[in-house]
There are 2 protein chains.
Amino acid sequence: MNLSPARARGILKELKFRDGFVVAVIRDFKTKDVLMTAMQNEQAVLKTLTTGLMYYWSRSRQKLWLKGERSGHYQHVRRVWVDCDGDVLLYDVAQVGAACHEGYRSCFYREVKKGKLITVLKRKFNPRDVYR
Amino acid sequence: MNLSPARARGILKELKFRDGFVVAVIRDFKTKDVLMTAMQNEQAVLKTLTTGLMYYWSRSRQKLWLKGERSGHYQHVRRVWVDCDGDVLLYDVAQVGAACHEGYRSCFYREVKKGKLITVLKRKFNPRDVYR
């Protein structure tokens, strides 16, 4: 996925940014596991579509965020879908390392089982080693 | 998925509602296709976990919304995961009919192909026949 800026802007026109944002749902392109969700503003979508790497808007840091910039855990975009309302994008990616800053492959590492929230994945890395 | 109200409230305590809402990502439990996303307030999560049917908060109608109440296209909950931040829930469901009000199985019926947004699914129903 390396669209020209002109093509990427054409896709942007089809989107409806609510208060400046769309929701990005990120999936492993092989397993179809949902890895994470995050917010994207126009600039993040544009950078994602033109570079083929996932960019988000960090609400906590109030800045554009290249996923993997600190951890090396980049997400290479393989396929992109847009939902009916144009305010959610579904991305299939090749995930380097693990998606979750807590050290798990997916942010959805806890499942409701017998009425309780249980950790069902094993840690891939120790966050302290990656985010210093 | 039919939790007691007490168990469901225990899960609610683990969630972080931003401005009153969490994001729900809905997946077909067999194919792992992402069908839709929607917003849930506390009441919607509580009703979902205790009844086993997906409830959302309708922003356009400003009311609790049982998915399928008009179309008959109910979503029966099979599994539930919670993300690291506690503000996104991933649901695996058995989808009756089709998830999208536009008549498609999934709301993500358009894909970015060669720089353009292309409809890649076939309609399952005509919205005019279902939503009168």
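Predicted model: local features only at pLDDT ≥ 70, side-chain atom pairs only at ≥ 80, totals over all residues.
The contact draws 28 residues from chain A and 28 residues from chain B. On the chain A side, the elements that supply two or more residues are helix H1 (5–12) and the strands E1 (22–28), E2 (34–40), E5 (75–82), E6 (88–95) and E7 (110–113). Of these, E5(A) gives the most, with four residues. Sorted by class, the residues on the side of chain A that touches chain B comprise 16 nonpolar, three polar and nine charged.

Strand E5(A) also takes part in a sheet that holds strands of both chains. Strands of a sheet pair through backbone hydrogen bonds, and this pairing may be parallel or antiparallel. Here, six strands form an open sheet with mixed pairing, and their order is E2(A)-E1(A)-E6(A)-E5(A)-E7(B)-E8(B). At the edges lie E2 of chain A and strand E8 (116–119) of chain B, each of which pairs on one side only. From one strand to the next, the twist averages 35 degrees.

Towards chain B, E5(A) is linked by two bridges to strand E7 (residues 110–113) of chain B, and the two strands run antiparallel. In this pairing Trp81(A) stands opposite Glu111(B) of E7(B). Within chain A, E5(A) pairs with E6(A), again in the antiparallel sense, over seven bridges. Here Val82(A) has Leu89(A) in E6(A) as its bridge partner.

Two packed helices are described by the angle between their axes and the distance between the axes. For helix H1 (residues 5–12) and helix H2 (residues 42–51) of chain B, the angle is about 135 degrees and the axes are 9 Å apart. That angle makes H1(B) oblique to H2(B), and H1(B) passes H2(B) in a right-handed crossing. From H1(B), the contact is made by Pro5(B), Ala8(B), Ile11(B) and Leu12(B). Facing them, H2(B) contributes Glu42(B), Val45(B), Leu46(B), Leu49(B) and Thr50(B). By class, the contact of H1(B) with H2(B) has seven nonpolar residues, one polar residue and one charged residue.

Methods. Residues numbered from 1 in each chain as written. Chains lettered and ligands numbered in written order. Contact = placed C-beta atoms within 7 Å. Nonpolar A, V, L, I, M, F, W, Y, C, P; charged D, E, K, R; others polar. Pairing = 2+ DSSP bridges. Axes fitted to C-alpha atoms, helices over the stretch in contact; angles between N-to-C directions. Parallel < 35°, antiparallel > 145°, perpendicular 65-115°, else oblique. Left-handed = near helix turned anticlockwise from the far one by under 90°.
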